[in-house]
Amino acid sequence: MKGSLAQVWRKVQGCGDWEGLVSPSLHPLLREEIVRYGELVSACYKAFELDSSSSRYLSCKYGKGSMFEEVGMGGSGYDVTRYVYVTAPDIMTSIPSIRPGSCRGRWVGYVAVASDDMTDRLGRRDILVTFRGTVTSQEWVANLMSSLTPARLDPGDPRPEVQVESGFLGLYTSNECGGSRFGLESCREQLLCEISRLLRKYKGEEVSISIAGHSMGSSLAHLLAYDISELGLNVMNNHVNSSRRTTTEHGHHRAPSSTVPVTVFSYGGPRVGNLGFKQRCEELGVKVLRVVNVHDPVTKLPGVFLNENFRVLGNYELPWSCSCYSHVGVEVLLDFLDVKNPSCVHDLDAYISLVRCPREEGIIHEDGVVGNIFERVMSNVVGNFELCRLRRAASGMVDQFLVQSQGAEFLMDNNFLGWMNCLALYMLM
């Protein structure tokens, strides 16, 4: 692929499913974009306030206008237009380890739009959404709620066969506790409102929607990309008459009637939904580039046992196949492990560093044997994963699923399947 990014941006954003750009080696332009979007996600961690004595606790330390400058990314080329918050699903209020009233909104990321200069460099007006990964105890609990549930994000066409992890869906769709009319809108409502506004504002320009997330943030990115596409928010009607201008007032090219491409850049992300979710994303044209470290246990979850590799036996489709988790998109495999600091296997900065300056054999370009999940996880998962807190949460969720999954059809029961995933995670820890 030859040309500047402005000339080939559609291919870099996934048009053609990155054919020839990932294998046999990462194309330089794609490498630069993976690093750039990863750094934009890392800004969420740098700006997140974890000091409980601060008035901005669990929010962003800085205002929208100064956030990039404060985290050392003043030249990012984007302007933040909205901060995004998540609230805990209702189920978390009944878990003893979660303090009453702690389901307040927590800052999880931001929406930004490319400046005029960056638009010229990229070849389009990029609408960016980024999400950080798991930080708070409520989010850890949501990660463990691994039973599948129908997404039902389009009320006009519920598609019950499209199922996603209930914890991730809860974070995405839950409002602030109490249901007050003055409470915080759900993460979903915040995002759809802002993205719709920006699409109207830049109607007529070449536009892309890029959604980047790390760990739990990757799951939210998947859900948002699917939601936008399922609702058709990215379908534009920009027919331009020959008598009208073909450029905007800023000199940027207008787009013909088209569908705005929606691309997810996932870093160390878990599985989000079942095969029905994967297939529907593909039908809608959602593009997902998954950057994965083969030593990272988070990318094996949920669905340690029940995943895309355990759906069929020979030519026979197993009865629980519709409840098996499945990854979406194209994978860029990395291979890094620091035995002195094993927790780096899931660290976003480690991901970015290896993509930027790959060590010999640090990036795997062809399919190979990833290895036994238990051997890798048992040797790697230590350090910053707060294992005691996770183990307590996992134990509580196992007890809950054991109670909920009593029934004759337990092998077909999503609660039982969720329990199996929780038990697997408990075993791995």
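Analyst: **Loops and their backbone angles**

With a relative accessibility of 48%, arginine 152 counts as partly exposed, a class that lies between buried (under 20% relative accessible area) and exposed (over 50%), computed with a 1.4 Å probe and protein chains only. This is a predicted model, in which local features need pLDDT of at least 70, side-chain atom pairs count only at pLDDT 80 or more, and totals for chains, interfaces and linings use all residues.

Arginine 152 sits in the loop between strand E4 (148-150) and strand E5 (163-165), where strands (E, at least two residues) and helices (H or I, at least four) are DSSP runs numbered from the N terminus. Its phi is near 50°, a positive value in a residue other than glycine. As background, most residues other than glycine have a negative phi, and most peptide bonds are trans.

A positive phi, of about 55°, also belongs to aspartate 17, which is not a glycine and which lies in the loop between H1 and H2. Aspartate 17 is partly exposed, its relative accessible area being 41%. The loop between helix H1 (5-12) and H2 also holds proline 24, which is joined to serine 23 by a cis peptide bond with omega of about 10°.

Another cis peptide bond, with omega of about -20°, links leucine 301 to proline 302, and proline 302 is found in the loop between E9 and E10. Threonine 299 is in the loop between strand E9 (287-293) and strand E10 (312-313), and threonine 299 counts as buried because its relative accessibility is 3%. A polar atom of the threonine 299 side chain lies 2.8 Å from the backbone oxygen of aspartate 296. The side chains of threonine 299 and lysine 300 are joined by a polar contact of 3.4 Å; such a contact is a pair of N or O atoms within 3.5 Å, where within protein one must be able to donate a hydrogen and the other to accept it, and residues adjacent in sequence count only if both atoms are side-chain atoms. If neighbours within four places in sequence are left aside, threonine 299 is in contact (heavy atoms within 4.5 Å) with Gly268, Gly269, Pro270, Arg271, Val292, Asn293, His327 and Tyr351.

Terms used
Residues numbered from 1 in each chain as written. Heavy atoms only, no water.
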